[in-house]
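Reader: I'm new to this one. Can you walk me through it?

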Amino acid sequence: MDMKVLCGPMLRRVDSQTACIWLIIHGEFEQQALSASTTLMMAPLNDAAHIDSIQIGNNLNAVMVTMKAPQSGWPEQDLIHYDLHYNHVSLFQAQYFNGPLPIYPGHSLPCFRYLAENHKILNASCRKPHGAKQDALAAYDRSVEHSNKLDKLPDVAFFTGDQIYADDVDPQVAKYLFEQSQLLFNDEALATPVDNNTAHWQSHLSALGWQNRHLLLNKKEGFYTTQGHQHLLGFREYILMYMLAWGGLCHELAEPTDKLPSKRNALPYKERKRIRNEWESYAKANNFVKQSWRVRRLLAHIPSYMMLDDHEVTDDWNLTKQVTNQLSKPSSLGQQTVTNALAAFTICQAWGNNPAQYQNLINEVLPSYISKLSQYDATCYQQTFEYLNGHNFSTLTPTLPVALLVDTRTQRSFRPNKPLSPLLVDDQGLAHIRSLLSTLDTHTERLIVLSPAPVYGFSLVENLQLGTVKLFEHKAATGADGECWISDEQQMAKFSDTITSLSNLKECYILSGDVHYGFCRKSTFAHPSNGHDVTFWQLTSSSISNRPTGSIEMALNALHRSAVFGISLNPFYKEKTKYLKPESWQGKFLSGHLNLGILALDNINKHQYSMHVLRPNGKWKEWQYNLNQPKLLG
C-alpha cells in the first residue's frame, strides 16, 4: 500500500533539547521504520529521535516524533531543517503528499528556530470552514511566502479554541468526511437514543448517513446547537475534521447536487433561498479547503500550543448544569459524542502540548477504547468518558515567558444555587493551576495565560448575555452563551489570586479568542502579598475564519459605538479596567473582521501588541498597541 502523510507534519512542543513533530500517516506502518534528522546550514546536526504512535483507523496512525538536539542543545536563532525518513527514504517527496509539499520556496525541507526567549508570539482562534470568505492563517502564510524571510516567522503560536467546528458543518464538507470515513476507518456503533427516539436512529454510523442528524441529536440528548444538521458524531468524523482543517486530506470539494437557481426559476422562495444558502456556504468551505495546504505549511514551521473550547465538541457543551448532566448520561448519544470528541482532541491537540503528560492516554487508555468502537460498549465508553471529561488538560509550556494553558471546559462546576452560571475553572482546577505555577522560577515576572474565553471581556456584550440569562433562564443561557468569567466574580477573583501566587509577577498577558471579535483591555492590581502593581493585559484575537454577520454584526457594531461614546462621557467600568485604543486611533477599539494577534516582547521590559486585521479586500491592516505607554479609553 502506498504511504501518504495525510495530515502534518505539525511542529508542536519545542524546548532546548527536543522538538516534537505530529503527523498522521496512511499506509502500512511500522514504528521502528520511521526516523528523523536535523541539519544546520546543510550540515548534519543530529539524527536521534523518539517515536510514539497510535493506530486510529485502517492503516492510519497518528505519530509523534520527538527529535533530539545535540548534547549542547539546539543552536539559537538559526534555521534548523528537519527531515522524516521511512526505511531511510525521506517522506518530503511529492508521492507522499496530497497537494504541495509543506516547504517554503528556496528550501528543500521544513525548518524551525529555537529561541531561549520568545519575542514574537502569535495568537488566534475560531476557524470554521464556511465561516468567512477568507482564512487568516492561509493569508498569513501567503505573506510569509511573499517576504521569503522565514526568520521573521513568529517564535511560537497559541490557538485558543475552536480549531474545528463539530456542530456546524457545511453539507459538502460533511458529505466528503462521511465518504472518507468509510474508506479510512471501520464502522462505529451508536448508543441508543434517550426516550426511545429511534425514528431516525441507526445502529452504526455508515447506515445513519451524514444528513438530518439534528433529528437525532436533539435537546433531550443535550444538543442545543441550531446548526446541527450535519453534526459530527463518531470518533472517525472528529479525527477527519482535524485532518481537513489542517490540510493534506482534501483540496477540492464536490459541488452541491442542487444547481444554483436563476432569478427566473419557478422554484418556491424558500427552496431557492435554501439552495442559494447552500451554494454560499459551499463557496466559503471550498475556498477554505483549497487554501488548507498553506495552513499545513505554516504549522510545519512554527511551534504551536492549543487549548479546546466548545466547538471542538458541541456548542453549549457544559454550558449549564442541565446540559452537563444530559451530555454525561451513561449509555447516551450525548456521552458517546463527548467521549469521541475528547479522544480526538487528545490525539490531535493536547498530545503535542506536552507529549510526556499524555503517554498513558496514548499508549493505554485510547487504544483500548478505539479497538471497541465497532460494537457499542457502554462500560468502555463510561470509563473513557470519566477519564477524559475529568482530565485536567491545563499545562505549562517551555517557552519564555512561560505560558499557562487553562482548561476551562473539563474543569467546570456549578454552585448549588447557580445552575446557569458555570465556574469556568472550579476550586480543584485552580489548585492544579497553583501547583503548576509553584514549579516556576520564583523570580518569574512575566506570564502568558491562554484562556479560550476572555477573562476581561467586552462588558456591554457580557452584561447583555448575563441579563438575558437572568431574565429568561435556561432557554436564554443556551441561546446567549452566558459563560463569562465575570458571571461569578468570586471565582474570577480566585483565579486572579491563583495567578498572583507568583510572588514577583508584574505582567500577565491573557491570550483569548472565542467571541469572534478582537479587542484589548488593561487591568492593574496590587499584588496581594507584597503590594507591587501587577498588570493583566487582556489580548483577544478572534477569529481566523468566522466573522459575525447579519443582525449579530449590526448589534455588535451598535454596542461598540455606544461603548466608545459612553466611556468617553460617563465611565461605567471600574477604573482599574480600561479598553486600549490603537495607536492610530480612528474611533474604534474593537474589530469584527478576521484577525491574528501578535505580541512582541523584548528583554528590556518593552512590549507591544498588534492586531493584524484581514480586510474583505484581502489586505492587512495593523492595529498597534504600545503597552509601555498604552492609550486608554476614558
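**A first walk through the model**

Reader: Predicted, okay. What is the mean pLDDT?
Author: The mean pLDDT of the protein is 94. Of its residues, 98% reach 70 or more.

Reader: Where is the pLDDT below 50?
Author: Over residues 568-576. Beyond near neighbours in sequence, that stretch has 15 contacts in the model. Where pLDDT is low, the predicted coordinates should not be read in detail.

Reader: Got it. How many helices and strands are there?
Author: The protein has 14 helices and 23 strands. Its radius of gyration is 24 Å, close to the 26 Å that the globule rule gives for 634 residues, so the protein is as compact as a globular protein of that length.

Reader: And what does the C-alpha trace span?
Author: About 65 × 65 × 55 Å along the principal axes.

Reader: How many of the residues count as buried?
Author: Of the 634 residues, 61% count as buried.

Reader: What about contacts between residues at least 6 apart in sequence?
Author: Of those contacts, 75% join residues at least 24 apart.

Reader: Switching to charge. How many positive and negative side chains?
Author: There are 57 positive and 59 negative side chains. The centres of the two sets lie 9 Å apart.

Reader: Phi, then. What is the phi of M42?
Author: Near 75 degrees, a positive value in a residue other than glycine. M42 lies in the loop between β3 (34-40) and β4 (43-46).

Reader: Is M42 buried or exposed?
Author: M42 is exposed, with a relative accessible area of 70%.

Reader: What about the phi of C126?
Author: C126 has a positive phi of about 65 degrees, although it is not a glycine. C126 is in the loop between β10 (120-124) and α1 (136-147).

Reader: Buried or exposed, for C126?
Author: C126 counts as buried, because its relative accessibility is 1% and the cut-off for buried is under 20%.

Reader: Next, A157. Where is it found?
Author: A157 is found in strand β11, residues 156-159. At 1% relative accessibility, A157 counts as buried.

Reader: What does A157 touch?
Author: Leaving out residues up to four places away in sequence, A157 touches L122, I302, P303, S304 and Y305. Take I302 from that list. A157 and I302 are 145 residues apart in sequence, yet their C-alpha atoms are 6.5 Å apart in space.

Reader: And P422, where is that?
Author: P422 is in the loop between β14 and α11 (427-437). P422 is buried, with a relative accessible area of 2%.

Reader: What is P422 in contact with?
Author: Apart from neighbours within four places in sequence, the contacts of P422 include N318, L319, R412 and F414. G482, E483 and S487 are also among them. P422 and R409 are 13 residues apart in sequence and 9.7 Å apart in space, C-alpha to C-alpha.

Reader: Let's do T226. Buried or exposed?
Author: T226 counts as exposed, at 64% relative accessibility. T226 is in the loop between α3 (205-208) and α4 (235-245). T226 and D168 are 58 residues apart in sequence and 8.3 Å apart in space, C-alpha to C-alpha.

Reader: Last one, L101. Where is L101 found?
Author: In the loop between β8 (89-90) and β9 (111-112). L101 is partly exposed, with a relative accessible area of 25%.

Reader: What is L101 in contact with?
Author: Setting aside neighbours within four places in sequence, L101 is in contact with F92, Q93 and A94. L101 and H301 are 200 residues apart along the chain, and their C-alpha atoms are separated by 13 Å.

Methods
Residues are numbered from 1 along each chain as its sequence is written. This is a predicted model: local features need pLDDT of at least 70, side-chain atom pairs count only at pLDDT 80 or more; totals for chains, interfaces and linings use all residues. Side-chain values use heavy atoms; hydrogens and water are left out. Helices (H or I, at least four residues) and strands (E, at least two) are DSSP runs, numbered from the N terminus. The radius of gyration is taken over C-alpha atoms; the globule rule is 2.2 Å times the number of residues to the power 0.38. Buried means under 20% relative accessible area, exposed over 50%, partly exposed in between (1.4 Å probe, protein chains only). Contact means heavy atoms within 4.5 Å. Lys and Arg count as positive and Asp and Glu as negative; His and the chain ends are not counted. The place of a charge is taken as NZ of Lys, CZ of Arg, CG of Asp or CD of Glu. pLDDT is the predictor's confidence in each residue, from 0 to 100.
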